Amino acid sequence: MRAQIARAGTDGRGARFRAAAGKQRAEYAQLAARGRALGCNRGQFLFLGDPLPAQCGPINARLNQLAGGIDSYERAAADDGGQRQALAARYDAQCRNPRFVEARAPRPRNFFEELFGLAPPDETTGLRDAPLEGSDTELLEEELDGKPRGGPMAICVRGCDGGFFPVSYSARSDNLDDLQTLCKALCPNAEAQLYTQSQRKGLDSALSIDGDAYSSHPNAFKFQKTYDPACGCKPPGQSWAEALAEAERLIAERNAKDQVVTAEQAEQLSRPARPGEPRARNVKGRIDAAAPAPAP
């Protein structure tokens, strides 16, 4: 937010919006003149008079579309001047209020949240601390320049064929390095790179953590055209359990407080307890087997 405040009003976004509005306004004037020449602006009362030319329908539809676009660009240009004040007020409310900051302090994620990329719920508001897709102004900017801007969904992309799989649905600037390490551990047989994308726009919005668009990758979408058996995440001669050992270690380190049940403990838990023989759990979380009952 501090970076956005510093950029507000200095990057010429208002001028770009005004230029885009002027371009569409010129197209509107040219198309409206063509419609008047064809007689599209005259009315027809019930069945009286000649019908409008067939070209009038598409022309009027395009005029309505241009009018909406001009209005959107003009509102974005007008809002550019007050963007710094709005961002500063939001920063004061969310980042300088001690009660607000304390209430939003995240708790550690458990094993399943880490494994499936789920963000822990906000216990005070019921909302997840996940990034938003982007404001209306950012979406208009993306329409102007067509550049991808990433998003909250992190994907791991193989360099050999451009194939990908999801890593997290709550990518943030403070966890991208950890997600990149996890991405490489999940695909040890190939060169892998972390990208973020919008869930709504997919790969068209994908952007690497180095700022490169997925569409500029030399093997982008290659996996859709050809299949290379050597281009896989699992090394030859290894099982998936062996290939993902490092990824499991990383996840276990981040969730060190979680209790891991061994095969022996699972077998003990599956046994039916006899009356008067409750299973005891010691301080280390290991399950003590009940003493065998004396034979009758």
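By salt bridge I mean a side-chain nitrogen of Lys or Arg within 4 Å of a carboxyl oxygen of Asp or Glu. D174 is exposed, with a relative accessible area of 60%, whereas R172 is partly exposed at 26%. For these words, buried means under 20% relative accessible area, exposed over 50%, and partly exposed in between, with a 1.4 Å probe and protein chains only.

A word on the source. This is a predicted model, in which local features need pLDDT of at least 70 and side-chain atom pairs count only at pLDDT 80 or more, while totals for chains, interfaces and linings use all residues. Residues are numbered from 1 along each chain as its sequence is written, and side-chain values use heavy atoms, with hydrogens and water left out.

Now the chain as a whole. Its secondary structure comprises eleven helices and six strands; these are DSSP runs, numbered from the N terminus, with helices being H or I of at least four residues and strands E of at least two. Of its 296 residues, 30% count as buried. The protein chain exposes about 19,500 Å², and carbon and sulfur atoms supply 55% of that area, as given by the Shrake-Rupley method with a 1.4 Å probe. Among contacts with a separation of 6 or more, 58% are between residues 24 or more positions apart, where contact means heavy atoms within 4.5 Å.

I return to the salt bridges, of which the structure holds six. Side chains of opposite charge can pair when their charged atoms come close. Is the pair D161 and R158 buried or exposed? D161 is buried, with a relative accessible area of 8%, and R158 is buried too, at 17%. Their closest N and O atoms lie 2.9 Å apart. R271 and E267 form another salt bridge, at 2.8 Å between the closest N and O atoms. Here R271 is partly exposed at 44%, and E267 is partly exposed at 37%.

Next, a pair of helices. The axes of α8, residues 176–186, and α10, residues 245–254, come within 8 Å and cross at roughly 150°. The axes are lines fitted to C-alpha atoms, for helices over the stretch in contact, and the angles run from 0 to 180 degrees between N-to-C directions. The crossing makes α8 roughly antiparallel to α10, a term that applies to angles over 145 degrees. Which residues make the contact? From α8 they are D178, T181, L182, A185 and L186, and from α10 they are E246, A247, L250, I251 and R254. These divide into six nonpolar, one polar and three charged. Ala, Val, Leu, Ile, Met, Phe, Trp, Tyr, Cys and Pro count as nonpolar, Asp, Glu, Lys and Arg as charged, and the others, Gly among them, as polar.

Within α8, the buried residues are L179, Q180, L182, C183 and A185. Their cover includes β1 (153–158), β2 (164–168), β3 (192–198), α9 (240–243) and α10.

Finally, E74, which sits in helix α3, residues 56–80. E74 is partly exposed, with a relative accessible area of 37%. Leaving aside neighbours within four places in sequence, E74 is in contact with A21 and R25. From E74 to A19 the separation is 55 residues in sequence and 9.6 Å in space, C-alpha to C-alpha.

Conventions. Angles under 35 degrees count as roughly parallel, over 145 as roughly antiparallel, 65 to 115 as roughly perpendicular and the rest as oblique.
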